[in-house]
Amino acid sequence: MDLNFTPDEQAFREQIRAWVKANLPKEISDKVRNSIRLSRDDMQRWAKILGKNGWLGWGWPKEFGGPGWNAVQKHLFEEETALAGAPRVVPFGPVMVAPVIMAFGSPEQQRRFLPGIASGEVWWSQGYSEPGSGSDLASLKTRAERRGDFYIVNGQKTWTTLGQYGDWIFCLVRTSNEGKPQTGISFLLIDMKSPGITVRPIITMDGEHEVNEVFFDNVEVPADQLIGEENKGWTYAKHLLAHERTNIADVNRAKRELERVKRIAKAEGVYDDLRFRDEIARLEVDVVALEMMVLRVLSAEKSGKQSLDVAGLLKIRGSEIQQRYTELMMLAAGPSAVPLIKEAMEAGWQAEHADAGAFVAPLAATYFNMRKTTIYGGSNEVQRNIVAQTVLGS
Amino acid sequence: MDFDFTDDQEMLRDTVRKWVEKSYDFEKRRSIVKAGGFSREAWKGLADLGITGLAVPEAHGGMGFGAVDAMVIMEELGRGLVLEPFAAVSLVATHLLATSKAPEAAQRLEGIATGKDLVVLAQEERHSRYRLDAIETKAEKDGDAWRVTGRKIAVPAGAGASAFIVSAKNGGSLGLFLVAQGASRLEVKPYPTQDGAAAADLVLAGAIATELHPAGDARAALELAVDIGIAALCAEAVGAMDKLVALTVEYMNTRKQFGVPIATFQALRHRMADVKMQLELARSMSYFATLKLGEPAPARRRALSQAKVQLGQSMRFVGQQCIQLHGGIGVTDEYAASHYFKRLTVIELTFGDTLFHLGEVSARMQETAGVFA
């Protein structure tokens with residue numbers, strides 16, 4: 001047993017750190033550190049910087065143009081970018097659909113779609129949830145009917161994160177009503193500029209436009225955009241879920257935000273209030289424990305000696321911690337978090353009002369925003385079902 | 001970064017587990033509790049395995065093994081609810097003896113390795129509440145020897161110990177003194193503890209003592225000894241929780257109500273998921289505690305307090321919920337679950353409870369946080 005990273009891993013970390021320092025634009029990291037809204041351009045800009053260096057698909061194997069890093073190297077990359085204040089890479093392309101295309105797509109599909117994902121040129125969205133299909137995803141109803149060389153798609157997807165920017169969307173669609181609900185689902189790649197697609201914003205309680213409804217009205221999708229076999233989509237989607245391991249805990253971002261909690265508490269004069277400080281201390285213990293759990297998973301992956309099936313635990317704990325740090329930041333601001341300032345998440349406004357404590361203005365909105373974390377990606381209650389099944393053996 | 005155990009460590013685990021299964025089943029343990037909570041025969045069994053001298057330097061007849069080996073043993077002793085004071089003698093006191101320059105220390109170390117000697121730390125007092133220097137016991141020089149006066153509580157092994165390492169103040173500074181069992185002006189008042197083990201209060205009325213650690217280095221030695229003790233307790237707790245959770249899972253799958261196993265009820269399934277969460281967080285922080293023992297004091301102390309906070313929370317949640325999930329059978333003396341619960345409870349009250357260590361984490365907090373901070 002050894003807690004420390006190997007000299008090689010340390011050197012790798014240093015290399016990433018130096019590169020991020022030299023390449024992450026300060027305007028962007030300043031925004032990330034102060035809850036300032038990131039524009040599509042900000043996100044694209046960082047994606048393309050990574051893409052140019054071959055790191056937007058940082059989890060990709062070499063054969064598809066990725067760096068071929070192991071689990072520990074991926075973790076170190078994620079940690080160094082998060083700690084430096086890089087935006088979270090929008091995962092739908094490089095992290096979510098790309099592994100499916102690599103595993104189940106045809107060589108032609110791989111040649112066609114992977115380069116645009118790797119470079120950051122093409123923005124992907126995810127079309128899974130529907131108004132009637134949340135935790136029970138397999139009940140989805142959006143239909144795709146084969147007609148000649150096309151599928152005709154009708155239905156509605158929802159909670160499509162950043163779908164307003166999407167160029168392409170990968171969708172789970174119903175191609176059969178026979179057998180179990182899971183066996184009639186297919187995995188389709190759809191150009192969002194296709195006639196018949198309408199994207200409508202959903203405004204969330206923080207006043208932000210982050211998620212959307214996507215309507216499909218007789219949308220023609222060329223049949224060569226079906227991944228793998230018809231009615232096997234559920235299997236491919238599950239592969240995708242299994243692909244998300246330690247990243248799901250987002251512990252690196254939690255470390256960065258914990259530092260921010262402390263800075264805000266100091267600025268707001270509650271750091272020396274022992275009752276408040278103890279709450280930060282509790283969160284600090286939670287973050288260290290989560291990080292240790294993540295490291296255990298990485299070590300198990302590296303050595304292959306012991307299997308560690310704790311993905312559900314990582315999702316539950318990670319999301320709870322994300323909610324907790326935004327909650328503590330808001331509580332630290334106290335009454336100063338109350339005014340609703342629509343411009344609070346704009347860089348210009350924050351700069352103008354810097355002297356008046358502008359940095360606390362977005363904290364309530366951030367807290368509201370984070371309620372999503374225990375709901376999305378398989379609600380924490382669904383995760384508990386999965387954990388319980390593993391523990392109880394049935 | 002590597003959390004695998006070596007083949008030797010797996011063998012060590014196997015050896016201890018087999019010993020527990022063969023020589024320390026629940027009925028055997030019950031008979032030891034009835035007889036006062038300490039079995040000389042069981043201690044000899046541990047000595048025969050060679051592990052009482054685990055941390056004793058090889059020059060003194062021990063194995064000179066490290067912290068991870070200790071963790072492996074503690075997990076297994078926790079799983080078996082072993083009452084004998086392995087951590088107190090073979091880890092905590094052994095550290096204080098191995099770092100002492102006193103001639104008697106070497107002799108005691110050899111005794112620990114053979115299983116003849118049980119030396120334990122007597123640190124806690126009625127009002128010290130886990131604070132190492134908030135003690136009233138005094139030490140005064142008397143010719144070549146020392147005389148120690150004061151009262152110590154919750155001393156492990158108690159009547160079964162052969163000597164005590166007593167923390168005491170001389171002037172304003174803390175020292176550590178060795179007082180032999182049977183010394184004149186030492187009264188040992190033995191009692192059983194809530195978890196069935198043996199302990200005692202010590203009344204020292206000028207008991208004759210030798211100096212183990214002089215003022216100056218005693219504080220640092222004691223802090224590290226306590227941290228070694230915390231890491232050991234964390235590992236013991238993980239072993240105990242592992243077994244308690246396994247018992248609970250088995251019970252949920254066999255106990256039927258309303259015509260079905262209670263493991264089918266979602267309210268209980270989610271509770272079990274939360275229990276599993278607390279168990280894995282605890283295991284993670286137990287590793288953290290052990291692997292941080294070699295760090296410089298400030299980082300080490302912060303880490304050990306962080307671990308004890310997590311363990312405190314986990315032990316209480318896992319203990320309470322596993323009793324709850326068992327229903328009525330969980331509160332009986334007859335069934336093992338309650339005994340695990342009681343041991344977990346006593347572990348929280350040893351070397352600092354959750355609130356005490358939360359205060360330590362709070363006081364030692366820095367700008368950055370994380371495993372490597």
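Me: What should I know before I start?
Reply: Residues are numbered from 1 along each chain as its sequence is written, and chains are lettered from A and ligands numbered from 1 in the order in which they are written. In this predicted model, local features need pLDDT of at least 70 and side-chain atom pairs count only at pLDDT 80 or more, while totals for chains, interfaces and linings use all residues.

Me: Into which domains is chain A divided?
Reply: Domain bounds come from an automatic or database domain assignment. Here, chain A has domain 1 (7-89), domain 2 (124-231) and domain 3 (245-392).

Me: How many residues does each chain bring to the contact?
Reply: Two residues are in contact if their C-beta atoms, placed from the backbone, lie within 7 Å. By that rule, chain A gives 43 residues and chain B gives 35 residues. Helix 8 of chain B supplies the largest share of chain B's side, 13 residues; helices (H or I, at least four residues) and strands (E, at least two) are DSSP runs, numbered from the N terminus.

Me: Which strands of chain A pair with strand 7?
Reply: Two strands pair if DSSP finds at least two bridges between them. Strand 3 (residues 150-157) of chain A runs antiparallel to strand 7 (residues 209-222) of chain A over seven bridges, with Lys157(A) partnered by Val214(A). Strand 6 (residues 197-203) of chain A also pairs with strand 7 of chain A in the antiparallel sense, over seven bridges, and Pro201(A) stands opposite Asn212(A).
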